[in-house]
Structure formats: C-alpha cells, structure tokens
4 protein chains.
Amino acid sequence: MIVVLKPDADCEKRDQLIGWLRGMGLDVHISTGRFQTVLGLIGDTASVDMDLIGSLEMVDSVKRVSETFKRCNRKFHPEDTVVSVGNKKIGGGSFCMIAGPCSVESEEQIVSIAKAVKAAGADILRGGAFKPRTSPYDFQGLKEEGLRLLKTARDETGLPIVTEILSVSDLELFTDIDVLQVGARNMQNFDLLKELGHLNKPVLLKRGLANTLKELLMSAEYIMANGNEQVILCERGIRTYSDYLRNTLDLSAVPMLHELSHLPVIVDPSHATGMARMVPPMAMAAAACGCDGLIIEVHNDPPHALCDGAQSLKPSDYEKLAGKISAVREAAS
Amino acid sequence: MIVVLKPDADCEKRDQLIGWLRGMGLDVHISTGRFQTVLGLIGDTASVDMDLIGSLEMVDSVKRVSETFKRCNRKFHPEDTVVSVGNKKIGGGSFCMIAGPCSVESEEQIVSIAKAVKAAGADILRGGAFKPRTSPYDFQGLKEEGLRLLKTARDETGLPIVTEILSVSDLELFTDIDVLQVGARNMQNFDLLKELGHLNKPVLLKRGLANTLKELLMSAEYIMANGNEQVILCERGIRTYSDYLRNTLDLSAVPMLHELSHLPVIVDPSHATGMARMVPPMAMAAAACGCDGLIIEVHNDPPHALCDGAQSLKPSDYEKLAGKISAVREAAS
Amino acid sequence: MIVVLKPDADCEKRDQLIGWLRGMGLDVHISTGRFQTVLGLIGDTASVDMDLIGSLEMVDSVKRVSETFKRCNRKFHPEDTVVSVGNKKIGGGSFCMIAGPCSVESEEQIVSIAKAVKAAGADILRGGAFKPRTSPYDFQGLKEEGLRLLKTARDETGLPIVTEILSVSDLELFTDIDVLQVGARNMQNFDLLKELGHLNKPVLLKRGLANTLKELLMSAEYIMANGNEQVILCERGIRTYSDYLRNTLDLSAVPMLHELSHLPVIVDPSHATGMARMVPPMAMAAAACGCDGLIIEVHNDPPHALCDGAQSLKPSDYEKLAGKISAVREAAS
Amino acid sequence: MIVVLKPDADCEKRDQLIGWLRGMGLDVHISTGRFQTVLGLIGDTASVDMDLIGSLEMVDSVKRVSETFKRCNRKFHPEDTVVSVGNKKIGGGSFCMIAGPCSVESEEQIVSIAKAVKAAGADILRGGAFKPRTSPYDFQGLKEEGLRLLKTARDETGLPIVTEILSVSDLELFTDIDVLQVGARNMQNFDLLKELGHLNKPVLLKRGLANTLKELLMSAEYIMANGNEQVILCERGIRTYSDYLRNTLDLSAVPMLHELSHLPVIVDPSHATGMARMVPPMAMAAAACGCDGLIIEVHNDPPHALCDGAQSLKPSDYEKLAGKISAVREAAS
C-alpha cells in the first residue's frame, strides 16, 4: 500500500502516522520527493483501513498495490478452476449451457421445458422457485413447491438443477439442489455468502447491478474464505443510463475476470437485455470473448402465443442458437 | 398502464394480447393513432409484468401511469408521517440528530461518545455492532457484544440507539434495540425487509448504492405492506464516476422523496463523502433542502490523534455543527 | 405524446393547458381514469417541449410515444443504408476493417503501418492528426502535417483514410479526406455536426462517453437533416464505475441500433478497453453480435519493443485477428 | 508517478522500460517488494502517457501522485481567485446572483425580466441566444438577434450579461458580451476552450454531463494555459440513473472543488433539477455548502399562466428565494 502525503504535511503528525502504522506490524518505507512524501507499506495490509488513512487531512491519496483478494486471484493460482456439476465440468475449456424458465410454474411446465432444453443440448436446468421482486405485490415464486418440481424435472431428465437462494433461513430446503445461485441484489449479502462458504457444492454468483469486478471477486472471496472453492462468476448486465435496454451487458468483464481470477465466468444474456430477440446476438458475443458458459431463459408455452418476443427463447430458437454458439466458440478459439 | 404497439403490429396477435390482458381482469381502452396504436389498461395493474409485455415484438413501449407504491405514497396519505423514537419525533417538522461512532469498540469508547454527543445535542446514538464489509478479511464488528455495549451507553445517557441488522437470523438479538437500520447493500434484501415489516419499531432504510428513488420506495413498501409503517428513509450517496469523493450525495432526493412520499427523510453525509472535513458543508446543505434529520459519525478518540481528518467528526466539531444546522434550518424555512 | 395529469389537477388550469396545446396545432384526446387524466397529443409533437410540460405542477409525467428521430429511423426506411468509401461498402452485409495508429507520427511510420494493415486485410486506414486531449499539456497531434502524411500513405497503398476533425474552422483542410470522424467528446458539438451535414462524404460518428442511443441517433439526425445521409455509427465504450478497464464496451448497442436505425454500426474495441490484449476477444464479440465493421489501433514500432502490450496491436496480431473475425462472422450468421 | 510491475515481470523488459523512461528525462527510483516492484518516476511527468504504460503486459497499475492541473490548482495558488464582472466580484467571499430566462425571446421579454431580476437582487443577467439542442428540429435560439436584445437589456438595467457560445466561428459576435458561457456539452470542446483562453474576459465553464472534477479542472486549465485566468466553474447536475429528476446535482463538488482549486464555483439548480419547485431547496443547499454564486432561470410571462411550475421561477419567487439565500449563507458561515 502506498500513502502519498500532502506537501505541507506537519512533521509531527507524519511521525505519529508512521508510528501508528508500524504499531500495526507494517514496515514503512519513506521516500521524499519534490512535492510529496510517499510512504510504502510492506506487510499484511489487507486489514488496513484505506478509507480511514485516506481521510486524514495530511494525506493526499492512498493506493493499494496488492490485491485484497487472495483465494480467487490468478496470481496465486495460475491454472483455471474447473467446477463439476454432476458429470458436467465448467471452466478450463469446458463450456456449460444452462437453460430453463424464469420461474417454475407447474410440474407440466418445468418437466416439458427440461426435456426440451435437454434435447436442445443444455447441460443444466435453471428455474426460479424463490423470486426476488422489487415490489412486494409481485409474484414471489412457488418457493418450496418450486424446489420440489425442479427435482421432479431433474429425475425425469437427469439434468442437474440450479436455482436462486434468497435467505440463510431457507438453506435446509436447498440440501438436494445441485448449484445454488446468488442473485445480483444479494451479491453483497455477506451473511448469505458466508453460509454458502460452509457448503460443499457449487455456487453461481451473479454480479450486482452496480458492482465493480473487484467487489464481485471480494464476494467470491467471502465464499472461498469459508472453505467452498466451487464458485462460478456470472456477468448479467450492469445499471447505466441505457435507454432502450434494461441493463448494459459488460462483456469485457469476461476476459478481464479471466485475467484476474482462475474462477469460471458465465454470462446471462436474458436478464441483461430483457428481450428474447437480443439474446442470440449477445450470447454469441459472450461465447466469442471466451466465457465458460451461458445461462439463458427458455420457455415452452404454446397457450401464451403472445410471449414470442419476451425475455425467454422458445426451445426451437434455443436449439438453433446452441448450434451457433458451438460454431462461434470454435471460430474464436 | 399504457402499451404502445408498433405501427406494423399484426392484428391477430394484437387481439390475442388484448384478450390476455382482459383475462387478467383489466379493462383495455384502444386508441388508434397515425403511427401507433395505444392500449390503455385500467384496473389493478400493480401485478402486471411490464417487462414481459415490453419484450413482445409487437410492442414499442410500456409506460406505467400509476405508481406501484401505495402505502408510502403521498397521493394516498397527504400528511407527513411522524416516527417516534422514545420521546423524540422524526418528520412533520421535527428534526432529529443521530450521532455516534462508525463501530462500537469498547464500553469506554461508546459510553464516552454517547455522553459527548448527548451534550452536543444529539437525539439518538448510532454505532455499528454488525458491520458489512466488502472483504471477508476486514473487521466485522463486535456483534452481540457490541449490541450489549450500545445498551449500556443508552442506560448511561438515556439516548435511544440505532444500529444495523445484517440478517434475519440475528433478529432476536435486536429485540431491545430502538431503531433497526437496513444498510445500503441490503436495501433489496427482501427477505430481511419482510421480517422487519412484522415488527412494531422504527426501521431506518438506507438507499442502495445504485438504486433509484422508486426502488427505495418499493423497499419501504415491503416493510409497510407487512404492517410496519414506521419507516425512515435515508440518502447516503450513490455510486457515480466521482473521482475525489467516495460517493455522490444526491441531495435533490430529499425534496423529491418528500413530494413522492409522506415518510421522513434523513441524510448521512459521513458515508457519502468519507471525509470529516466534507461533513459540515454537506450536513448544512442537507438541512437547507429540508431533510428531517442527519446521521453523522462522531468519535472521541484522544489516543488516535491521527484520525483528526477521518470520516468521523470530533465531538467539539459536532457541537459547533449542530448549532449551525439549527441556524440553517431556520434561515431556510 | 402522452401527458398524465395528477389526480388533484385544477380544472381551470387543465383547460388552460389543453387550450395552449391546441393553440400549437395539436389534437388533444382526453381520457379520464380513476386516478389520472391522460391527455393524448396527436399531430407534430417533435417540437413540443416535454420538459416544460413535465415541469408543470399539475403534470405527473409526460411520455413521448413517437420517436423524434426521423431520417435515421428504420421505421421509415426499413432497408439497411450502405455507405461507400472508395470501392469499399459498409453496412447491408458488407463488413469493413479500419486499422491504423492512434496518432500519425512520421511519414515512415504511417506508410509502413498502412502497408502492413493493407497486407493484413484492412480496408481503410485510420490515424489521428488532430488529437483531442484532456490536458492542454499533452501532445495535440501533427495537425495539418499529419493530414498530409495520411494522404501520402493513401497514395502508397490505395487505402482510403479516416481521421478525426475537431473544429469547423479546420474543415477546409479535410477536403481531400475520405471519411471524417467525429470523436466521442464532440458527439453533441451541434455546430460541427451541422457543417458535416452539408458535405457529401461519409461521417464516422462516435458515441459520447455517457450518451444514450437516442442521443447518438439524434446527433446522426443533425448530420442527415442537413442533407448528408452517409453516417456510420460507432460504439466505443461508455463511462461507468468500471475498475479495471478504461470504459465499458456496450455491445448490446449493436443489435439495438440495428433495430432502431438503418445506419451501419461499427465498433472500436481499442479505445473501449485501452489494452491490446483485450482487443481480440472484444473484436470477436463485436463481430459475433452483428456489427458492420471494426476500427482497431495497429502500430508497427520495432524500436519501442516496450509497447507490446499497449492499446495498439502489432500487425502480425492484427492479421491473425482478421482471420478469426471472418470465421466468427460466418459462424454467427 | 508510480508504476507497479507484476511479480513475474521479465527483467530484460523491465530494464527496457526503465531505459525508455529515463530517455524521457525522468529519474526512476526502483523499490522491490515481496510481490511487486514499484518504479517511482520523478520529474516532469505531465506529458507521460499513463494509459500507454498501464497497458504494458508487465505493468500491474500506474498511479499519478502529482496533479496534472497546475494553474487552477490551489496547491500552487492558495488564495481564492476573485473574478470581476463590471463592479461585481465572484469568489473570495463575494457571492453572485445570476438570473434570467432560458432563452431570449423578444425585446419586451428580456428587458422586463432584466428589470424584474435586478429589482429582486440579481447581479448579472443570463439568457440564451445560441441554444444547444439535442434535436435538430428544436428551436435553436434567436442567435445574433438574441445577443442584440441582451445588450439592450443591459443598457436598460446596467446588469452585465452572460450567454452561451457554441462555436469558435461565432466568437466575433460576442465581443461585447461580459461573460461567455461554455455549456455542458462543450466542456471538452478543446478548440473552443483554447480560443477562450486568448480573451481577456470571464468564462463560465459548466461541468459536462458525465465528467469528473479532474476533467472539469483540466478544461479550466485549457483556458488558463492560454492566458485567461478568469474562469468560473459551474456544477449543473450529472447523469446518473435518476428516475424522477432530470440530473443529479452533485453538491459535494462545491467544497471539493474549493479544496482542489482557487477558482470560484457556482451552481445551476434550474438545469440540474428541471423543475421550478425543486430550485429553491437546491439553491439554498448550494448556498449552505459554500458556493460562490447561483445561476437561476427566471421568467416573467403573464400570458403563459401555465408555466407556473416549469423550470423557471417567477420573479416574485426569485425575490423571496434571494432573501433566504442571504440568510442561509449567513447561518452557514
């Protein structure tokens, strides 16, 4: 960590600061320049409060030169982490197709979609049972019953299942779920992350609406620091001043996360764009820049012919897209 | 709700959409213009999924014309809500000064600060016991012991106490706390909000880092829909591309929230700016634009003379500021 | 345009507003609902000041239902516009590779890079002569001399040239340039846009740092409204709270701009990411989601072996990338 | 400037980089830590291309420790700059009230408003003659005729005038204008800034929609580097994900700009909020946090009784507000 002092920093206060830092077990290297004095802090600076030091009147700025994330950091773990879900592997060259409806609605619905996406090449089934909704008046999911229906669909197809968990208090209901998803709004629900760190099963961690890559990695670190290293990162669009699309899909996060971390990175083009017709181009783009998988909403809903253009693809469109994804991955590799 | 169809919308599909909407119990008024057909939906549209309709290929755009927030909406409740904490009232002209340290560190620390801020005019004591930290390696607070020390400080001074709750599973530890705070990262932890809705005590709800005013009000609605109407809104800075300050304090949220809602609105200038020297100007600005209270970090830490410039004010500076706040409120009224 | 009035709107004021709107030549349809009165404005609403109406106390909200952009709007011009630059076509299925150095530095430099990128498959040469720099103390480009050197490189290779224009007063210097580029910082320099509208040559219009797609299209409209319909749109990254990358490349803008407008859309992955090693994945992603071309920085600078990792690719890497781009386009089509 | 190298940086490449930096006339101090090597660059680093160095593969990060702005920097000029406009002073404790209509519409309009705002205590008259509009189809202002009418209003009232300039080519029309305004969209129109640097009259420089404080100061530096030190900075709201207000007024910019720079800082609450009813609270807030002046839209338009709630205040409301502003400034000082 580097602390840059202001040119007019009082000598006595400076010495107090240096004493305090050394008292925390750090080595302090002092280098005095024309306009500034720069303190180099050597040692375990992970627990040093940058904000506190930065707010001292004599301090011009504080810069961390070593990453605060350790376990998910590629510097200390150069090889790709490969997460296994059933027989399927994600990362390290293995690509994973996750598909299914936004919400589980009925046994017939989830089983028929599970069969359809399996036929279309999906590896894992997704479906929401506990739904986070901005409004308390909106449908909150079938909850426990939804989890039961997902397991039925797994039994019928053999596809492992991934679904979102909203609360630590629901944890025991998820014992038999293959992959637990942490949604964007819970990316910094540290209480939940810690509990997931005690499990021995994969966690799909979605990036929050306005979170940086560092914050995403620190949230992965919460899970990993508690012992669970099976974390899958997921880019799902960030909030900007976008006018025609729900969110801004930040695809450059894919190669950058791969550079920073050894964890697999997947992309959710359905939530990012909110429109089925935008899903194929963005899914192909995500594959082209090297993601390790795609989580895509697919429905199978003949009576609601209306929904042709909604966020979810039809199975036939998904199948077509799956073929193109393979071709794009091969072309880009 | 208004649904604007594209000029080339297929008639049959249009009729299917209208049938589906009517099937949901809505009246649909159709008005056909030169370039667009506009459907006006009359009835209980709160549970209509705007995103689904907006994603239909034939739909140009969907616009909600009635607010989805009801209980916190000033339209349906024109008088200010006044929240009582002990003998203190917040809102409807009553101004509330909340002060205390970022974290509870020891009995001596919290009691001495409590006495100092009381002497300086504070109405409520704040102090973090459970701390949400971006990094799992950072200090997470004294937890249960911190709550106990806060109560000791309350006993010694008579000041009610406000402190952050991170998890539903900690709820029983907070039985005897006067005001429960929901932090920015948990503003959309709907599970927590629902549980707080079952309490009969004030909740201080902080705006999330990148959340809109509507989302903040919908989160208040989660608490209120479950029966607890004692919600205090708090603006604490949003994430932008700010270069010299930690966050961007959005003070125009204060008069706008007052227009939209009857709930009291307070401001946290300490977290928004991250620098004690920025707290007095921004606290005065907040008072000038009509907030109902201020939550400010104050510490009392003679051995750490270093921290003069940190996020927290010294009690003597806080006392000076409190006087100016009164003067500014009078001048602005 | 739709104007939603508040439930308590004063009748007399409402009638004044309606009279005023009718005085502007608009038809006003009034529909009265339970909570709101909605006015539908029919006629030429392009010049109606939404902000003024929206700021009236009796008005809840104003929503425009028809687009304010006309000439670049796909609704009124369903076929793709194809822009010709020399023998090269851009748009309507024709893909264009633009490459060259950030700045023109010397005749030797620009000619050798021009030859290298031509050999690698580029269609158009780029190079900055007038450079917009945040700091007045930074290098501002070779200016007139830079334009002369670009023309020399064109003479030597036959590649058409594109370069940025910063000011109307420089316009006569650009007479013989093939494509004029408007940079992100000038996207709303309306004075410059209007003048470019009087030319009969292609304009490459870059999206501003924090501009919406609608604003980008309105800036295209400025050029087209003055007669010049040869506009190429360019996505080059937007400003967000990105921590590891310079900007956030908004690739979903590509399919969305194609839906909204008939103009060709190209992507600049070099400026968006600021790192050569991020250019290939993002260039392939851009191709996969359907862009009509790529503008990529390439340098050829053996003595500065240092710069291997900089924003610019080496010609050999560019050549390799060009091959992959073709393969990805084929796979995605 | 500090350059942090990656742990695995190749020694030979590192030496090449150091050689190259020394070749640019810089001293390079090398300090080798456990995980990183840090290079400290001493000398004139203003022209060093941070982005280029940062993009080298061996480089982890680059941090500038000295400001690139010099002339507007308070470090090198501790006393406040005071800008004089006629007899009026702005900065250094002198507060300035600028008021007038959004656009100049007619002689009667501008003269009557000028008289009204003068009576209400305004020091300078504002009014738009050249209007930057997002759409080419919107009213662009009375242009030259508008400037003539502003001068008439000045003759009638003695108030100095400020108005926006959009283009270098209009510069000669502004010879007799007292203060030239650079609008938000032109904050990085460097060509215009340079020309204004050659004048000997005050420039009111508005912050761009998504520009940082550093960028604002660098744009001031463009004007000052060319000789004109009479620059007034203006905060006018930034673009965020605001839902109910046009922009987010960033008032913490006021004390922070005062810390960074000696230039006066004024605030425009009319454009930031877009609603007259939000102007008084935000104007008082701006005064409370120490701004040096306010630029507020005022109109005087009895026939358009409709516009009561629009962005512009009525003169009577402005007069009332002016009184409160004085009281708030006194209370806050």
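Me: Which exposed residues sit on the face of H1(B) turned away from its buried side?
Reply: This is a predicted model, where local features need pLDDT of at least 70 and side-chain atom pairs count only at pLDDT 80 or more, while totals for chains, interfaces and linings use all residues. Residues count from 1 along each chain as its sequence is written, chains are lettered from A and ligands numbered from 1 in the order in which they are written, and side-chain values use heavy atoms, with hydrogens and water left out. Helices are DSSP runs of H or I with at least four residues and strands are runs of E with at least two, numbered from the N terminus; buried means under 20% relative accessible area, exposed over 50%, and partly exposed in between (1.4 Å probe, protein chains only). On that face of H1(B), away from the buried side, you'll find Glu12(B) and Gly23(B).

Me: How wide an arc do the buried residues of H1(B) cover?
Reply: The buried ones in H1(B) are Leu17(B), Ile18(B) and Leu21(B). They end up on the same side of H1(B), because their arc around the axis is only 95°. That arc is taken from the directions from the helix axis to the C-beta atoms, and here it comes to 95°.

Me: Which helix is among the elements covering the buried residues of H1(B)?
Reply: The cover includes four strands of chain B: E1 (2-5), E2 (27-32), E3 (37-42) and E4 (59-63). Contact, by the way, means heavy atoms within 4.5 Å. The helix in that cover is H2 (50-54) of chain B.

Me: Which helices of chain A pack against the buried residues of H10(C)?
Reply: H10(C) runs over residues 315-332 and reaches 25 Å, close to the 26 Å expected. Its buried residues include Tyr318(C), Leu321(C), Ile325(C) and Val328(C). They pack against E7, H3, H9 and E14 of chain C, and also against two helices of chain A, H9 (279-288) and H10 (315-332).

Me: What about H3(D): which residue just after it takes a positive phi?
Reply: H3(D) covers residues 107-119, and its buried residues include Ile110(D), Val111(D) and Ile113(D). Those buried residues pack against E7, E8, H4 and H10 of chain D. Just after H3(D), the residue with a positive phi, about 105°, is Gly121(D).

Me: What phi does Lys143(B) have?
Reply: Most residues other than glycine have a negative phi. Lys143(B) sits in the loop between E8 and H4 (144-157) of chain B, and it is partly exposed because its relative accessibility is 34%. Its phi is positive, near 55°.

Me: And how accessible is Lys143(D)?
Reply: Lys143(D) lies in the loop between E8 and H4 of chain D. Its phi is also positive, near 55°. Lys143(D) counts as partly exposed, with a relative accessibility of 33%.

Me: How far apart are the C-alpha atoms of Asp123(B) and Asn87(B)?
Reply: Asp123(B) is in the loop between H3 and E8 of chain B. Asn87(B) is 36 residues away along the chain, yet the C-alpha separation is 9.3 Å.

Me: Which residue of chain B does Val38(C) touch?
Reply: Val38(C) is in strand E3 (37-42) of chain C, and it counts as buried because its relative accessible area is 15%. Its C-alpha lies 4.5 Å from that of Val4(C), 34 residues apart along the chain. Leaving out residues up to four places away, Val38(C) touches several residues of chain C, among them Ile30(C), and from chain B it touches Ile2(B).

Me: Is Ile110(A) buried or exposed?
Reply: Ile110(A) belongs to helix H3 of chain A. Apart from residues up to four places away, it touches residues including Pro101(A), Leu125(A) and Leu149(A). With a relative accessible area of 0%, Ile110(A) is buried.

Me: What share of the 333 residues in chain A is buried?
Reply: Chain A has 10 helices and 14 strands. Its C-alpha atoms fill a box of roughly 75 × 45 × 40 Å along the principal axes. Of its 333 residues, the buried share is 63%.

Technical notes: The expected span of a helix is 1.5 Å times one less than its number of residues.
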